[in-house]
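Biologist: I am new to this structure. Could you walk me through it, feature by feature?

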Amino acid sequence: MISTTSDILIIGGGIGGLTLALSLHKRGIPCQIFEAAPEIKPLGVGINMMPHAIRVLTALGLQPILENYGVEAKEFTFFNRHGQFILSEPCGKYAGYEYPHFSIHRADLHKVLFDAVTERLGPEVIHLGHRCAGVEQDDDGVTVRFDGAEPRTEAIAIAVDGFHSAVRRQFYPDEGPPHFGGINMWRGVTRRKPFLSGASVTRIGTVARGKMTIYPIRQFDDGTQLINWSTEQPRDDHKPNDWATPGRIEDFIEPFKDWSFDWLDVPDLIAGAEFILEYPMVDRDPVDKWTHGRVTLLGDAAHPMYPRGGNGGAQAILDAEVIARFLDEMDDPQAALQAYEDDRLAVTNNIVMTNRAQPPDVIIEKVEELTGGEPFERLEDVIDPAELVAISESYKNTAGYSLTAVKRLECSV
Ligand SMILES: Cc1cc2nc3c(=O)[nH]c(=O)nc-3n(C[C@H](O)[C@H](O)[C@H](O)COP(=O)(O)OP(=O)(O)OC[C@H]3O[C@@H](n4cnc5c(N)ncnc54)[C@H](O)[C@@H]3O)c2cc1C
């Protein structure tokens, strides 16, 4: 195990950084978190946490608290743009996983992690208003520099500073702007009565002709839910990716004007939004090295991926578990950082590329292609439902959350 006299420096207090702190603490390894934001505010919208990530959070004792905040999803449902049912697949425990699938507000997930760190490690380990400006290292240690705050030197630093990572930029100064996939997203949350099972992660339509992903993320005592919805539409250009960029209904509503299905009125859902955010479908080309001596990258800093399929947060959580395990098991911390990279880099780079090529709604695309986008009489005349299930399984395998993939993972937190 790494010497417990040296704190691990964690740069970034988002989903990955906070999970890392909890994972290290569980193993008796001290750490300090340096977060750029001067205060913690509820930001973002919904996020899906599937069993591969919940396995790690459960081992950290967080499952009962997550149950109070999120909605335990029962199924993935797929519809064409005419509102016709294509497929329903059970998810989480309903599909035989040992762990549930939670749909949750990103701000709630962040709060659960933040509160757990504050309670278990003490509020003094979280340093808000500490924006990392760069790192320097030599044989004795690594120094993390901050804008307007004292630098800090320890044996190891882990950069979990998100999509716009300052540390990644230092290692890859020529990387250039994010890769834009030609798709813009608008997201919002609307409070209303439940639809379908009240716990359905629902995908409707295709990017080319109008697409919606809709799922509940909070349950209220009066029986209503906070419903997260998002649309992806082809666009030639985009605004810089910032999770707080406000969006406007008139910029994306056109394909949905007649989407009043008997099971959900989509225009009404959109019109009732509490707020709307805009975010482009961006990622970065994978890099072949995260670990540079005493410093490594983790989460979005290491493998920024398209924010769909619910995997960006999950992969950061898995990274955190793996790196904490190696730091616990190995005496040489630099070797532990390298072992983490060897374990995680190829897997996550593969997900980045799969997310570009094959989104989770590939099933709907397939039906759209076979029907020419027209309504069908009987789905079985269009495609064998078993083939749709096989396409879905193939995606889950690559994304690392198929039943067999999750069962293979050893819970070692
Ligand atoms: C405000 C916000 C809202 C989001 N909303 C959504 C959402 O609605 N849906 C969704 O699917 N995903 C959302 N995401 C992204 C998602 O949370 C991440 O993809 C995922 O959790 C990966 O975790 P991470 O810890 O690597 O990165 P993040 O969770 O993005 O955390 C990175 C952290 O590092 C901090 N940071 C950045 N630069 C520095 C620096 N130089 N020094 C110190 N700290 C720094 C950031 O403030 C942030 O707290 C959001 C991210 C953020 C930051």
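Modeller: In H2, the buried residues are Pro51, His52, Ala53, Ile54, Arg55, Val56, Leu57 and Ala59. Buried means under 20% relative accessible area, exposed over 50%, and partly exposed in between (1.4 Å probe, protein chains only). Helices (H or I, at least four residues) and strands (E, at least two) are DSSP runs, numbered from the N terminus. This is a predicted model, where local features need pLDDT of at least 70, side-chain atom pairs count only at pLDDT 80 or more, and totals for chains, interfaces and linings use all residues. Residues are numbered from 1 along each chain as its sequence is written, and side-chain values use heavy atoms, with hydrogens and water left out.

Biologist: Why does arginine 55 count as buried?

Modeller: Because its relative accessibility is 2%. A polar contact is a pair of N or O atoms within 3.5 Å; within protein, one must be able to donate a hydrogen and the other to accept it, and residues adjacent in sequence count only if both atoms are side-chain atoms. The arginine 55 side chain makes one with the side chain of glutamate 321, at 2.9 Å.

Biologist: How do I read a pair of helices?

Modeller: The axes of H1 (residues 15-26) and H4 come within 9 Å and cross at roughly 30 degrees. That makes the two helices roughly parallel. Angles under 35 degrees count as roughly parallel, over 145 as roughly antiparallel, 65 to 115 as roughly perpendicular and the rest as oblique.

Biologist: Which residues of H4 does H1 meet?

Modeller: Contact means heavy atoms within 4.5 Å. Ile15, Leu18, Thr19, Ala21, Leu22 and His25 in H1 meet Arg106, Leu109, His110, Leu113, Phe114, Ala116, Val117, Arg120 and Leu121 in H4.

Biologist: Where is arginine 106?

Modeller: Arginine 106 is in helix H4, residues 106-121. It is partly exposed, at 28% relative accessible area. Arginine 106 and valine 45 are 61 residues apart in sequence, yet 5.7 Å apart in space, C-alpha to C-alpha.

Biologist: What about phi?

Modeller: Most residues other than glycine have a negative phi. Leucine 196 has a positive one, near 45 degrees. Leucine 196 is in the loop between strand S13 (179-192) and strand S14 (200-206).

How values were computed. Axes are lines fitted to C-alpha atoms, for helices over the stretch in contact, and angles run from 0 to 180 degrees between N-to-C directions.
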